[in-house]
Amino acid sequence: ITDKIYLHNSVLELDIIEANDIFLLNREGSADNLELKYWLVDGEKYESLDGLVVDRIMTIEPCVKYKETVYVDDILHGADEVLRLDDVSLVNAFTDFFENPHNVVPTKIILGKNTTFYEYETQANSKATENLARWISRGGVLEVLNGNRNISLVDRRMLCTADGEKLLHYFALKGETEAVLNPYISVVKGYAFVGNIVETIDLKNAREIDEKSLVGCNSVKKLILGEDFVIGNRYNYSYDGMPNLLSCAPTIEQVIIDKDNRTYSVDGNFIIDYIQTGVKAVSFVLPAETDKVVLPTGVNIVRKGAFSQSKGVTEIVFSAADNLTVEEDAFIGLEKLSKITFGEIGVIKSSTGYEADLPSLKELVFNDATRSLAFTSRAFRNADIEKIVLPANLSEVEGLPACAGYEISADNERFFVEDGVLYETRGGNLYLASYPVRKAAGSYTVKDGTKAIGSYAFDYAQVKKVIC
């Protein structure tokens, strides 16, 4: 609302202009469902402007509110400090409610038996529940009447399905910094903590946790998980959803997992999962003060998104293991990463490639114990790696990381490098195994005697012309 002030012999007349409707307010009455409650004159409350002497430049604001609570076309106009609602959609009613200056901000909201909130509208629900969470954190009181077939309110804080088993949204009360689930709640839905400002979330009794449940809770530092749980989404709980869960919590510092949990454990800053039998996987790397990360011994898999909260890391060291697979986008967002060192690992694979930009990466170091390398041709192609020294005992190549040139020990019986290009001798024949992606050249002449060129030897290569 803006106001125009006209002075006529020290008598004030105001035209009040509202966004879509123009209406006049005078000292006697109001228009439509709006009424003038009071005035703010230079921030001071005036019930009336009668007798106001305008002797200087003043800021005058009318406080216009709804006269009557009305719910029409899924839009709520609130006029009561104790707001009683029924036959309304919680999502529609409160998505924009607190942004409308005409609504009276209630001290209490009572939801009747027919109020709806569907558990599968989680993303659509998030703005409404975020608004309610902030209102409750400032002292607002929410109540759900008994008999509602859709929702229930457990312990004044937990909006749940009617049976009380699924948490739809948690509302921390004023001054609370810890969110603890009622022990009867076994399922936590997506966006359940949006808008909360708690620092600790205790989900030790939850058995099914949606990977998006921490979205919008930008203050949580500690997460407590129980003995038996799965993390996924409404369609699939058969994979490791831990990286997605924790990547939604930008302030996370600590994760505590019950010592009897057989699927997950915590090893320093690493969340380890054993979802696949006989496989040790790094599910997530918690932020650390050091910029160098050394992974535990025996790690076989690094999950997609595992380093998503480790923005300051400059060096990663993979410790000894029989084999290692680094999943797609494991290094996403590591703009400061400059060096990766692979320890005594027999077989190293990248499942679908490292597609994230790594603008600072300049060095990959392999251990001579590595026998097999299997990288997609696009791996590290956005990095700035000049040279890769390949393992001295390398015996199998199914793809190499992008760089400007390779080197390998002259003692290797199967591979050799000429002008930065990797060749292979097999069964008395010569093969071109890999042309470096970042090797700039107008043309390249294949070595005399070469019988064949590998299927993906020139993938993403910058060379313009190949002469055989």
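Buried means under 20% relative accessible area, exposed over 50%, and partly exposed in between, with a 1.4 Å probe and protein chains only. This is a predicted model, in which local features need pLDDT of at least 70 and side-chain atom pairs count only at pLDDT 80 or more, while totals for chains, interfaces and linings use all residues. Residues are numbered from 1 along each chain as its sequence is written, and side-chain values use heavy atoms, with hydrogens and water left out.

**View 1**
Helices (H or I, at least four residues) and strands (E, at least two) are DSSP runs, numbered from the N terminus. Of the 468 residues, 47% count as buried. The accessible surface, from the Shrake-Rupley method with a 1.4 Å probe, comes to about 23000 Å², and carbon and sulfur atoms own 44% of that area. Take contacts, meaning heavy atoms within 4.5 Å, between residues at least 6 apart in sequence: 45% of them join residues at least 24 apart.

**View 2. Strands β9, β10 and β11 line up in that order as an open sheet with parallel pairing.**
Two strands pair if DSSP finds at least two bridges between them. At the edges sit β9 (82-85) and β11 (141-144), each pairing on one side only. From one strand to the next the twist averages 15°; axes are lines fitted to C-alpha atoms, for helices over the stretch in contact, and angles run from 0 to 180 degrees between N-to-C directions. Zoom in on β9 and β10 (residues 108-111), and you will find four bridges between these parallel strands. Leu-83 has Ile-109 in β10 as its bridge partner.

**View 3. Strand β23 pairs with β22 and with β24.**
Strand β22 (residues 264-267) runs antiparallel to β23, and four bridges join them.
Which residues cover the two faces of β23? Phe-270 and Ile-272 lie on one side, Ile-271 and Asp-273 on the other, and all are buried.

**View 4. Asp-273 and Arg-303 form a salt bridge.**
Side chains of opposite charge can pair when their charged atoms come close. Here a salt bridge is a side-chain nitrogen of Lys or Arg within 4 Å of a carboxyl oxygen of Asp or Glu, and by this rule the count comes to 17. For Asp-273 and Arg-303, the closest N and O atoms are 3.0 Å apart. This pair links distant parts of the chain, with Asp-273 in β23 (residues 270-273) and Arg-303 in the loop between β26 (301-302) and β27 (315-318), 30 residues apart.

**View 5. Asp-384 forms salt bridges with Lys-362 and with Arg-438.**
The closest N and O atoms of Lys-362 and Asp-384 are 2.9 Å apart. Lys-362 lies in the loop between β30 (345-350) and β31 (363-365) and Asp-384 in the loop between β32 (372-374) and β33 (388-389), so this pair ties together parts that are 22 residues apart in sequence. Lys-362 counts as partly exposed because its relative accessibility is 47%, and Asp-384 counts as partly exposed at 26%.
Asp-384 and Arg-438 also have their closest N and O atoms 2.9 Å apart. Arg-438 sits in the loop between β38 and β39 (443-445), 54 residues from Asp-384. At 24% relative accessibility, Arg-438 counts as partly exposed. Elsewhere, salt bridges that share partners join Asp-273, Arg-303 and Glu-327 into one network.

**View 6. An open sheet of four strands has the order β36-β37-β38-β40, with mixed pairing.**
Its edge strands, β36 (415-418) and β40 (450-453), each pair on one side only. On average, neighbouring strands are turned by 35° against each other, direction ignored. Strand β38 (residues 429-434) pairs with β40 in the parallel sense over three bridges. Look for Leu-432, which stands opposite Ile-453 in β40.
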